[in-house]
Amino acid sequence: MERPYILHMFTPGRQMSPFDINMAADAGYQVIVPYCEVGADAVAGLTQDTIFSRSPKGLLRTGIFIGGRDPLEAADMLERAKGAMFKPFVVSLMADPSGAYTTAAAMVACVEVALSTHHAKGLDGQRVVVIGGTGPVGRIAGVIAAQAGAQVFLSSRGGADAAGAVARETGKRFGVELASVSSGDQAAVRASIADADVLLACAPAGVQAVSAETLASATRLRVAADVNAVAPEGIAGVGVMDNAKTLPGSAAVGIGALAIGNVKYQTQQRLLVQMHEAEAPVVLSFPEAFATARAFIAEKAT
């Protein structure tokens with residue numbers, strides 16, 4: 001009898017995301033079990049309960065997905081799950097807290113292509129400002145861009161001190177250099193984006209973080225990307241459907257939430273399918289999400 005495909009889903013939150021459960025089912029998992037309010041200290045025990053109940057062949061049909069909302073906590077939980085396993089008792093692991101890893105990967109991959117196509121530039125050496133940079137997507141988008149060689153500034157409505165604390169914590173955790181700026185009001189936003197080559201808007205849904213007047217101060221801007229799909233747009237002039245569309249009165253191009261969302265969806269789906277079909281256990285985090293997003297965009301272009 002063929003053993004069923006089982007996905008154990010751990011989250012520190014009160015519930016697992018229905019979005020992630022649906023995605024797991026569409027990837028082919030037959031038994032999907034959410035575990036809620038899972039603290040970091042519980043991960044090792046749950047992981048070992050997972051691995052010791054099946055043979056190595058059965059473990060190839062077993063996976064662990066880590067959700068939640070905090071990208072650093074998810075990374076730590078992923079490490080604890082890895083540390084609790086040993087050969088041949090190993091299963092595939094994936095982390096994507098609130099979709100932050102796959103959304104950030106999709107966002108930066110879309111920006112990278114737009115820079116190359118419209119400005120003959122890569123991310124290396126670009127000045128990237130992340131509006132809403134203290135949130136889950138903003139933090140990881142900043143890390144991915146920094147790993148690609150960009151000079152990254154995380155911005156916070158709480159001011160420079162709040163942004164600086166998050167930048168230091170996140171940079172230390174993932175081994176990158178992240179700077180910080182304030183976006184406490186539109187004057188601070190104008191100052192922070194004046195020299196930006198790339199603007200990543202990761203502010204809460206329904207909040208216009210950058211007005212048209214403020215955006216006009218970004219005279220060096222090449223690409224503006226926005227993950228907000230709820231009106232008003234997070235960056236004035238960037239429509240949700242825009243996919244590297246030229247911004248009015250600017251040499252920059254805009255990338256909207258639905259264009260990014262399509263890449264995010266495909267990225268998460270491909271990662272889950274990769275776990276499901278893997279012939280050897282895999283560990284999937286935001287670097288693998290970024291590679292997958294890049295590959296999907298490249299396929300679309302051919």
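In which sense do strand β9 and strand β11 pair, and over how many bridges? Strand β9, residues 223-226, and strand β11, residues 253-255, run in the parallel sense and are joined over three bridges, where two strands count as paired if DSSP finds at least two bridges between them. Within this pairing, V223 has V253 of β11 as its bridge partner. The model is a predicted one, in which local features need pLDDT of at least 70 and side-chain atom pairs count only at pLDDT 80 or more, while totals for chains, interfaces and linings use all residues. Residues are numbered from 1 along each chain as its sequence is written, and side-chain values use heavy atoms, with hydrogens and water left out.

Strands (E, at least two residues) and helices (H or I, at least four residues) are DSSP runs numbered from the N terminus. Seven strands make up an open sheet of mixed pairing, in the order β7-β6-β5-β8-β9-β11-β10. Because β7 (178-182) and β10 (243-246) stand at the edges with a single partner strand each, one side of each is left without a neighbour in the sheet. From one strand to the next, the twist averages 25°.

Helix α8, residues 186-193, has A188, V189, S192 and I193 buried, that is, under 20% relative accessible area with a 1.4 Å probe and protein chains only. Seen down the axis of α8, its buried residues fall within an arc of 120°, so they line one face of the helix, the arc being that of the directions from the helix axis to the C-beta atoms. Those buried residues pack against β5 (127-131), β7, β8 (198-201) and α9 (212-215).

Elsewhere, two helices pack on each other: α5 (residues 100-119) and α11 (residues 286-301) lie at an angle of about 45°, with their axes 8 Å apart. The angle makes α5 oblique to α11, a class that takes what is left when under 35 degrees is roughly parallel, over 145 roughly antiparallel and 65 to 115 roughly perpendicular. Here axes are lines fitted to C-alpha atoms, for helices over the stretch in contact, and angles run from 0 to 180 degrees between N-to-C directions. Residues of α5 including Y101, A105 and V113 meet residues of α11, among them F286, A293 and I297, contact meaning heavy atoms within 4.5 Å.

Technical notes
Buried means under 20% relative accessible area, exposed over 50%, partly exposed in between (1.4 Å probe, protein chains only).
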